[in-house]
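Take a walk through this structure, one feature after another. Keep the sequence and the 3D view side by side.

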Amino acid sequence: MFKKILIANRGEIAVRIMRTCKEMGIATVAVYSDADKHALHTLEGDEAVPLGPAEPSQSYLAIDRIIAAVQQTGAEAVHPGYGFLAENADFAERCEREGIVFIGPPAQVIRDLGNKITARRIMLQGRVPIIPGMLAAADDPAVWAAHAEQIGFPLLIKASAGGGGKGMRIVHDPAELAEARRGASREATAAFGDGTVYLEKFLPKCRHVEIQILADQKGHAIHLFERECSIQRRHQKIIEETPSPALTPSLRAAMGQAAVTAAQAAGYVNAGTVEFILDPDGNFYFLEVNTRLQVEHPITEMITGLDLVRHQIEIAAGRPLALTQDELSSRGHAIECRIYAEDPEQNFMPSPGRIAFFKEPTGPGVRNDSGVYAGFEVPVAYDPILSKLVVHAETREQAIRRMIRALQSYAVLGVRTPIDFLLDVLASAPFQAGETYTDFIARHFTKWSPDRDTLDLAAIAYVADTMAPKARPAGRAAQPPAHPDPWHTLNHWRL
Amino acid sequence: MDYKLKYNEEIITLAVEAVGDGLLSATMGYKKMEVAFERISENLLSLRVDGRKHLAYVAELPDGKAVMVDGRTFLLADDRATGTRPRSGGANGPKAVTAPMPAVVTQILVAQGQPVEKGQGLVVVSAMKMDTVLAAPYAGRVTRINVAEGQKVSPRQVLVDIEPAVVDAAEGRKEAIHG
């Protein structure tokens, strides 16, 4: 087993990986940018190596600097987390060349599956169902128009190198096609350095259901059931749950088998996720493979009792996967809510700034994977995820109630979060009925605004706070004064 | 004593009367509430409002207080203390083309002198891995572009000046608004 692992990531996922390493007796190396000198992952790593400026290209995406940090600290393996270099085949290849173990699939598999067009061709050959659409990149507008006509509107433009909703556009009308393609391509270039986009049929009323897989180096692959991730804003998931309210045991078995087939068709090794679109008639189509640990992996850990990061590390170290499909079972129901620094009243615009107060929920079946603390300045340069609140309970209904209780006791003051929005989603009739389709937010929550009765209570609390004297503990200089410097003032923007 | 609290674009007025130690009576519109309150710590208050208990978490921020009750957080400011920093995007829409946060200009979609429609995209900015198209708040003509592609911009920095298409006599606007 490895003695030391470098975590080439930041925030909550870096912290989460370090926790498993610590339990396995593996030393951890954190890397950090100038913006993250005091970030939680920097503090929690056994060692911490500075990378450079906040700009991701100069820090968390700077392959040379990360390789140098691995060599300097003597780490034997790199865990890339999600985002940044996690699905960067060049980075995985560089690790292979330098004799560093990349905790993830081989570079060639990342390359094949990272190109969605190639992945679609692999799945077609493996007889995994795919969404009707283009199977090759094309520049010629006439070719696009022909495909568009053949597939039929509405269409979805997707980035071939894409993920996380970047470089995606829904097109309802032929007149919008050219402009949407340019916009998607520009966004894809900015996000992935590759502006290739392609067309797929857009399936409006569908669910996003993904299957977690584990595959060892010997070719043994299993699936760890599904996650339903239909509640999305800007094509980014905000609530995930497992089991999916839509799956029957036979559909679960069929999708699980398709995911294992997909993994084997691609020569997959390590933990990965096969994403599917599920239509209301129970037809499912391959969407993409995420060749990394997924943001929402904790809900799978809750229902299976497995530590996915531990399995990733063991597989990367060459150990065979001792689990068989038959011995896996799913217990209870788990839900995750992503807590971003963003403003649900302003179309979920990011809301960076200093966290002035932070109190996490606790209690039975509650887990909060957090990367922040009170006093931390949420940087502008990165994805604004603060934490992932996860609950586990016996049934879906109990899990929803547990999540509501947990959210109600989660205080994040100083940046805006969608906690109150999430509360209303969980309490809503369509969510409770399991009517979770990918258009859920657009259909039910476009005109959302915060609860008025609670606003009245907050106004009273404001006054009470003004009237109740603040006792400063005498003789103790424990609390620093809350005087913000001008940069804090400047950073706390609102639309 | 009357409190005027600013929440987004609205003003919430409370008539508050201290009726004893840790006791107050608050009137908001037609609602009158009897409140008992106790400070538990710097950031925590225990409230009893009309017999129901609530915990309230409060933090002082540069532009007001963040108050969380029952999982819902509101940013409230004393209206007498603020007023210089209007929040754009209210009932009449934003009045200026500004970046909502520290961001980088990735694309400029218009040229100086160009007429623009209300809602037309002017500038694309990128922050926290997200592209945002900043749109014209009203119809008019672009009189000046104050930024270049690749430039870092701050919130409230005006990126494009627009002269409105029609001078709104009622508001007495005569010169170009810094849009």
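How far is the sulfur of Cys95(A) from the closest cysteine sulfur, and in which residue does that sulfur lie? The model is a predicted one, and in it the distance is 15 Å, to Cys21(A). That is too far for a bond. A disulfide needs the two sulfur atoms within 2.5 Å.

Asn88(A) caps the N-terminal end, with a side-chain oxygen 2.9 Å from the backbone nitrogen of Asp90(A). Just after the helix, Gly99(A) has a positive phi of about 75 degrees.

The domain assignment gives three parts: domain 1 (4-103), domain 2 (132-201) and domain 3 (207-444). Consider domains 1 and 3. Their C-alpha centres are 23 Å apart. The contact between them involves 33 residues of domain 1 of chain A and 32 residues of domain 3 of chain A. About 2300 Å² is buried there, and carbon and sulfur atoms account for 61% of it. Which three residues of domain 1 of chain A supply more of its buried area than any other three? They are Glu12(A), Arg16(A) and Tyr82(A), with 27% of the area that domain 1 buries against domain 3.

Charged and polar pairs also cross this boundary. Between domains 1 and 3 of chain A there are four salt bridges and eleven residue pairs in polar contact. On the domain 1 side, α1 (11-23) and α2 (40-44) of chain A each supply at least two of the residues that touch domain 3. Helix α1(A) gives the most, with nine residues. Another salt bridge to inspect joins Arg292(A) to Glu87(A), with the closest N and O atoms 2.7 Å apart.

Over all chains, the structure holds 44 of them. One pairs Lys158(A) with Glu200(A), at 3.4 Å between the closest N and O atoms. These partners are 42 residues apart in the chain: Lys158(A) lies in strand β6 (155-159) and Glu200(A) in strand β8 (197-201). Are the two residues buried or exposed? Lys158(A) and Glu200(A) are both buried.

Compare Arg319(A) and Glu314(A), whose side chains meet in a salt bridge at 3.8 Å, N to O. Arg319(A) is partly exposed, at 40% relative accessibility. Glu314(A) is buried, at 18%, because the cut-off for buried is under 20%.

Then turn to Arg338(A) and Glu336(A). Their salt bridge spans 3.9 Å, N to O. Both residues are buried. They also belong to a salt-bridge network, whose other members are Glu210(A), Arg227(A), Lys237(A), Glu240(A), Glu275(A) and Glu296(A).

Finally, bring in chain B. Its assigned domains are domain 1 (2-78) and domain 2 (97-171). The C-alpha centres of these two domains are 38 Å apart. How many residues does each chain bring to the contact between chains B and A? Chain B brings 61 residues and chain A brings 65. Together the chains bury about 5900 Å², with 65% of that area on carbon and sulfur atoms. Seven salt bridges cross the interface, and 15 residue pairs are in polar contact across it. For a chain-to-chain pair, look at Glu10(B) and Arg452(A): their side chains form a salt bridge at 2.8 Å, N to O.

Conventions
Residues numbered from 1 in each chain as written. Chains lettered and ligands numbered in written order. Predicted model: local features only at pLDDT ≥ 70, side-chain atom pairs only at ≥ 80, totals over all residues. Heavy atoms only, no water. Domains from an automatic or database assignment. Polar contact = N/O pair within 3.5 Å; in protein donor to acceptor, adjacent residues only side chain to side chain. Helix = DSSP H or I, 4+ residues; strand = E, 2+ residues; numbered from the N terminus. Contact = heavy atoms within 4.5 Å. Buried area = accessible area lost by both parts, 1.4 Å probe. Buried < 20%, exposed > 50% of the residue type's maximum accessible area, 1.4 Å probe, protein only.
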